[in-house]
Amino acid sequence: MAEKFAVHDPRGFPPKVVGKRLAPRLETLDGKVVYLVDCLFDNSENFMEQLRQWFAENMPKVITKTIKPRESWVEDPEMCHAIARDGDAAILGVGL
Amino acid sequence: MGLSLAVEELGVPTVPVHTHVFNRLVKATALAGGVPTLRNRFVPQPVVGASIETLRGYIEGTDPVHQEPFMKGVIDALTQPLTDEDLKGASFDREIPALLEPDSEDNLQALFRQNRWTDMMPVVLPTEERVEAMLKGTSVPRDKVVGYMRPTVFREAWEFNVEKVAVNAVMAGAAPEHLPVILAMTSLGITARSSSTTSFAAISMVNGPIRKEIGMNDGIGAMGPYNHANTAIGRGFGLTCQNVQGGSVPDETYMGSVGNWLAYSACFPEAEERSPWEPFHVTEGYDKDQSTVSVFFGGWYTQSGYGPRETWENKFRRCLSALEQYVPPFIVMDPLVARGFEEMGFTKQKLKEWCAENSRLKARDYWDDMAIQTLVKPHAEAGVEPFATRLKADPDEEIQIFEPDEINIAVTGGETQANFKMFAGRFSRGTGGGAARRRSIAVIDEWR
């Protein structure tokens with residue numbers, strides 16, 4: 001029978017995961033402000049513009065506003081609070 | 001996805017949109033964020049480079065992950081009431097055991113490979129005895145936290161201590177005297193296993209007395225597999241990064257499209273004694289008797305040449321304009337090349353300035369780049385220099401693409417050929433934004 005060895009686990013220590021709730025959903029998007037968040041990835045500006053045009057043509061009662069974070073892939077509390085203050089929903093993309 | 005979680009926490013429903021190849025990564029990130037039911041939606045890959053018509057087709061087409069019309073999914077995600085699962089969230093601890101269940105060498109090698117704790121080559125199994133022996137390479141307590149590591153900025157950071165670095169150093173085949181170097185490298189928090197789609201690697205360079213003390217090679221083949229210390233330190237750095245950060249698994253925690261061979265091992269010492277210039281760490285403000293390690297983040301490209309020959313200026317201009325313009329060059333030259341420049345009257349600083357002045361592209365070519373569009377353009381639009389000036393340039397105007405302080409020069413090699421290389425290698429002094437927030441140099445002596 002082959003000799004058995006006790007060896008160390010090479011992995012680091014993950015942080016504790018703390019569950020968070022999703023925000024309540026809307027009954028309808030009609031008359032609501034939907035922020036289109038251009039996450040700054042290459043060509044996402046064009047994607048968001050096409051999304052804006054889609055809403056204008058297909059769901060004209062939805063009010064869309066386009067917004068960008070100050071930098072790619074970093075937290076932007078100011079932008080998030082602007083969305084919460086002035087908006088009802090947000091579509092973020094295209095995050096890769 | 002971090003922005004989406006932040007907005008949800010403020011009470012506003014969101015839909016993060018991704019391309020379909022990131023489905024597994026998105027699920028893992030949402031779970032680690034405590035929101036496993038985050039309502040992501042997907043369009044086909046790629047968005048980068050897609051025409052307006054293609055993008056519109058994605059919007060009017062089918063979500064390739066959920067197999068439903070994309071816009072129906074987006075609207076449902078914002079309007080369908082929350083389920084019990086949505087309301088629960090997910091809180092949990094992930095315990096990592098100190099020791100694994102005892103098993104045979106063959107089974108443990110297979111386990112490490114299956115769990116992707118290796119670089120797919122056999123490792124030295126980190127038995128208790130070997131880890132104890134490795135820890136004798138440092139006087140720092142085994143439970144001291146060395147730092148935090150993550151595959152990329154939007155993933156969670158995992159903590160790691162001296163013992164975890166020692167475990168991975170054993171696996172890499174390192175010796176105890178190599179451990180302080182690996183500890184210093186990892187303390188910087190710059191991962192050698194970035195998950196970026198662009199396939200980064202980290203190149204590291206050792207300066208100071210420790211190079212000789214541990215027998216590193218700055219002669220023939222300094223950047224190749226010809227020296228135990230060079231190779232084992234580089235491999236140990238990579239294995240430590242991938243394991244302490246929670247993995248480097250393709251399609252989960254690694255998304256580099258083509259990968260990078262430099263990720264196996266890329267560590268060398270500077271040939272300080274044979275360089276005509278002051279050592280790199282002295283230029284950075286350290287004493288020559290201090291030992292340091294510098295981590296250059298990049299590895300995207302390599303340019304190569306000889307000289308300085310009669311037409312060196314043309315050669316350097318061609319090399320500099322051919323570099324991927326997001327990551328500045330780390331120029332490594334054989335002592336023969338360095339002495340040649342020195343005889344021509346170049347100091348290191350003067351050569352850096354010449355290279356910066358002659359790193360030029362037409363503005364159109366500079367801006368037509370994925371990384372520049374994604375990471376630099378927002379700064380330019382916000383008025384940050386020198387990017388704002390570059391953005392104002394006429395598309396046909398030639399603009400300078402690197403600054404002198406971004407370009408770094410070091411000397412190594414065996415003087416069998418007057419050869420130089422230019423590697424993608426970002427070095428940060430910890431004073432900038434974005435990728436330049438972290439310092440790229442650490443003092444090894446603090447980890448002895």
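Two residues are in contact if their C-beta atoms, placed from the backbone, lie within 7 Å. Keep that cut-off in mind for this tour of a predicted model, in which local features need pLDDT of at least 70, side-chain atom pairs count only at pLDDT 80 or more, and totals for chains, interfaces and linings use all residues. Residues are numbered from 1 along each chain as its sequence is written, and chains are lettered from A and ligands numbered from 1 in the order in which they are written.

**Stop 1**

Select chain B. The C-alpha trace spans about 75 × 65 × 35 Å along its principal axes. Chain B holds 18 helices and 16 strands (DSSP runs numbered from the N terminus: helices are H or I, at least four residues; strands are E, at least two). Colour by pLDDT, the predictor's confidence in each residue from 0 to 100. The mean for chain B is 95, and 99% of its residues reach 70 or more. For the complex, the predictor gives an ipTM of 0.94 and a pTM of 0.93.

**Stop 2: the two domains**

Select 2–88 of chain B as domain 1, then 105–359 + 402–447 as domain 2. These bounds come from an automatic or database domain assignment. The C-alpha centres of the two domains of chain B lie 37 Å apart. Six residues of domain 1 of chain B are in contact with six residues of domain 2 of chain B. Now pick helix α2 (residues 23–32) of chain B, which gives the most to the domain 1 side of this contact, with five residues.

**Stop 3: helix α7**

Select residues 128–135 of chain B, helix α7. B:R130, B:V131, B:M134 and B:L135 are buried here (20 or more other C-beta atoms within 10 Å of the residue's own; exposed is 12 or fewer, partly exposed in between; C-beta atoms are placed from the backbone). Look down the axis of α7(B): its buried residues fall within an arc of 140 degrees, so they line one face of the helix. The arc is that of the directions from the helix axis to the C-beta atoms. Those buried residues pack against α8 and α9 (179–187) of chain B.

**Stop 4: the largest core**

Next, the largest nonpolar core, with 97 residues. Such a core is a set of buried Ala, Val, Leu, Ile, Met, Phe, Trp, Tyr and Cys residues joined through C-beta atoms within 7 Å. B:A166, B:A169, B:V181, B:I182, B:M185 and B:A202 touch the most other members. Helix α8 (residues 162–172) of chain B supplies the largest share, eight residues.
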